[in-house]
Amino acid sequence: MITTQWVSDIASPILNISNLSFPKYKTPDTLYHYLQTHYPQVEEQLLQAISIQSDHTYVSIEDIVWESQRSCLQNMTLCRQHRFFPLFEGPSQVGILVDNPFNPIIDTPELANLPAKSIIPFTTTSSQLNQWFHQIHQSNQPYSILDQIMIDAHHSHATDIHFSETLTHIHIQSRIDGLMNPMQSLIKTDAPYLMNQIKVLSHMDLGVTPYPQDGHYHWKAGTTSIECRVSSIPTQFGEDIVFRLMTPDTAIKPLNKLGLSDDLYQAFSQTLLQPNGLILITGPTGSGKTTTLYAALEILRQKKDKTIITLEDPIERNIPGVRQSQINSKSNYTFSSGLKALLRQDPDIIMVGEIRDKETAQMALDAAYTGHLVLSTLHTNSIEMTLHRLASFDIDPFLIGHALRCIVTQNLVPKSCPHCNHSGCSECRFQGVLGRQLQAECLTIPEPIAISDYTEGTRLLFEKGQLTKSKWSNNDPAP
Ligand SMILES: [Zn+2]
């Protein structure tokens, strides 16, 4: 354990002062900072002496080989604020450049958003660290405004980034655990090309008159890459652009790890054993529908004698042994035209990313009725709403009664912060909530039901089907 006395003992012969004592400085970090700012002429000597007597390595910036590809990403503002620069990242270690050998982030890397790994400090003088920052700034790579936003979003585990234009500003917010958090507000004149840059990178048109568009953005820096679904809508001051962040490196969660109650897990996994029928996962945007779909596919793919084909927009995870196909509306490969093509190959199990229109709904139900197991999602908030939605597509009630096997409706609701018991702390960014948990209901229909109209049909489905709701444990807050 390094003490202020230890630092004083090293500094004293260098400064030629015997019995140095600095009672005002309680930690080696603050004492070193004092010495550094008051005796800059011996800063280098001091660092070298410290490196000899400890495990720090003194470096001159000319000797640094920066492996930008292996560097964990950082926001430069944060680097300057905490006086460090990440040089490389290994599986269990992160090498950083610091100008204070006792910088608190060496022991607590989380303070500076660094991965919680063992930190290897390389020390240099403060003027050299400043020079390093300057060089990085000049090279202007890879830290553009957009990169910084992506880095911040990545570090805070954001699921969405929202860019909204006002008359004078671009406000940038991120969604973390379902809640919006401000990220940055840029004056438009400081970032005149940001919105256009986003559109170009997301393969969108730069029309003079904005119109709603969809695109995708693949961001990569170092060893991190993020796939984003991008959408834009025109507003009175310009545009609103939303990124939905997909993380391909996140492993598929097994169905029994999604947080479903035991009853619901049992009911849903029984449904997956059916040879045919339609299974619908429903819920609002960001409710984890796709996660549930992938978990179901993960179970289904273990039936080696079945062929599985998916239609996705976009393909968020690669599943070994499953033929996955990517929707491309520009070349008119939509859910409905894709489904038509795919049925000609007569697979056993079909996953359709989302039912958005009548044609897809009709085909998915036809396929389910004619011997295929079909899984899909629908953007509705309850089981009743799902049935209304199918009714609005004008689907024959007979088909619903004979092909629909299961509706899961789900949502992710905030969990009370375990560190502060809902009163707000730095762990939960003073929101009182941290993380989310799955809330779900599942209606299974084990036998075909003869239905002639929707009003009667809804009643019959609830009467003959089995409804399971996920239960709350006592520790969880009510939704
Ligand atoms: Zn808290």
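**Figure 1. Val98 is placed opposite Thr123 of strand S4.** The close-up shows part of a predicted model, in which local features are reported only where pLDDT is at least 70 and side-chain atom pairs only at pLDDT 80 or more, whereas totals for chains, interfaces and linings use all residues. Residue numbers start from 1 in each chain and follow its sequence as written. Strand S3 (residues 93–98) and strand S4 (residues 118–123) run parallel and are joined by six bridges, where helices (H or I, at least four residues) and strands (E, at least two) are DSSP runs numbered from the N terminus, and where two strands count as paired if DSSP finds at least two bridges between them. Both strands belong to an open sheet of four strands, whose order is S1-S4-S3-S2 and whose pairing is mixed. Strand S1 (57–58) and strand S2 (84–89) form the edges with a single partner strand each, so one side of each has no neighbour in the sheet.

**Figure 2. Six strands with antiparallel pairing make up an open sheet.** Their order is S7-S6-S5-S10-S9-S8, and the edge positions, paired on one side only, are held by strand S7 (179–187) and strand S8 (213–221). On average, and ignoring direction, neighbouring strands of this sheet are turned by 20 degrees against each other; axes here are lines fitted to C-alpha atoms, for helices over the stretch in contact, and angles between N-to-C directions run from 0 to 180 degrees. Strand S5 (residues 160–165) pairs with strand S6 (residues 169–176) in the antiparallel sense through six bridges, and His162 stands opposite Gln173 in S6. Helix H7 (residues 194–201) lies across S5, S6, S7, S8, strand S9 (224–235) and strand S10 (238–246), and runs at about 50 degrees to S10.

**Figure 3. Helix H8 (residues 262–271) has the buried residues Leu264, Ala267, Phe268 and Thr271.** A residue is called buried if 20 or more other C-beta atoms lie within 10 Å of its own, exposed if 12 or fewer do, and partly exposed in between, with C-beta atoms placed from the backbone. The buried residues of H8 fall within an arc of 90 degrees when seen down the helix axis, so they line one face of the helix; the arc is that of the directions from the helix axis to the C-beta atoms. Among the elements covering these residues are strand S11 (277–282), strand S16 (404–416), S17 and strand S18 (466–469). S11 and S16 run parallel and are joined by five bridges, with Thr409 in S16 as the bridge partner of Thr282. The pairing of S16 with S17 is antiparallel and extends over 10 bridges, and Val408 stands opposite Cys442 in S17.

**Figure 4. Pro446 is found in the loop between strand S17 (433–444) and helix H14 (454–464).** Pro446 is partly exposed because 15 other C-beta atoms lie within 10 Å. Although Pro446 and Cys406 are 40 residues apart in sequence, 8.3 Å separates them in space, C-alpha to C-alpha.

**Figure 5. H12 and H14 pack at an angle of about 145 degrees, with axes 11 Å apart.** The crossing of H12 and H14 is right-handed, a term used if the near helix is turned clockwise from the far one by less than a right angle, anticlockwise being left-handed. The contact is made by Glu384, Leu387 and Ala391 of H12 and by Tyr454, Thr458 and Leu461 of H14, two residues being in contact if their C-beta atoms, placed from the backbone, lie within 7 Å. Leu387, in helix H12 (residues 383–392), is buried because 22 other C-beta atoms lie within 10 Å. Apart from neighbours within four places in sequence, Leu387 is in contact with Tyr454, Thr458 and Leu461. Leu387 and Leu461 are 74 residues apart in sequence, and 9.7 Å apart in space from C-alpha to C-alpha.

**Figure 6. Helix H3 (residues 43–53) has Glu43, Leu46, Leu47 and Ile50 as its buried residues.** These residues cover an arc of only 95 degrees around the axis, which puts them on the same side of H3. For orientation, the chain contains 14 helices and 18 strands, and 34% of its 479 residues count as buried.
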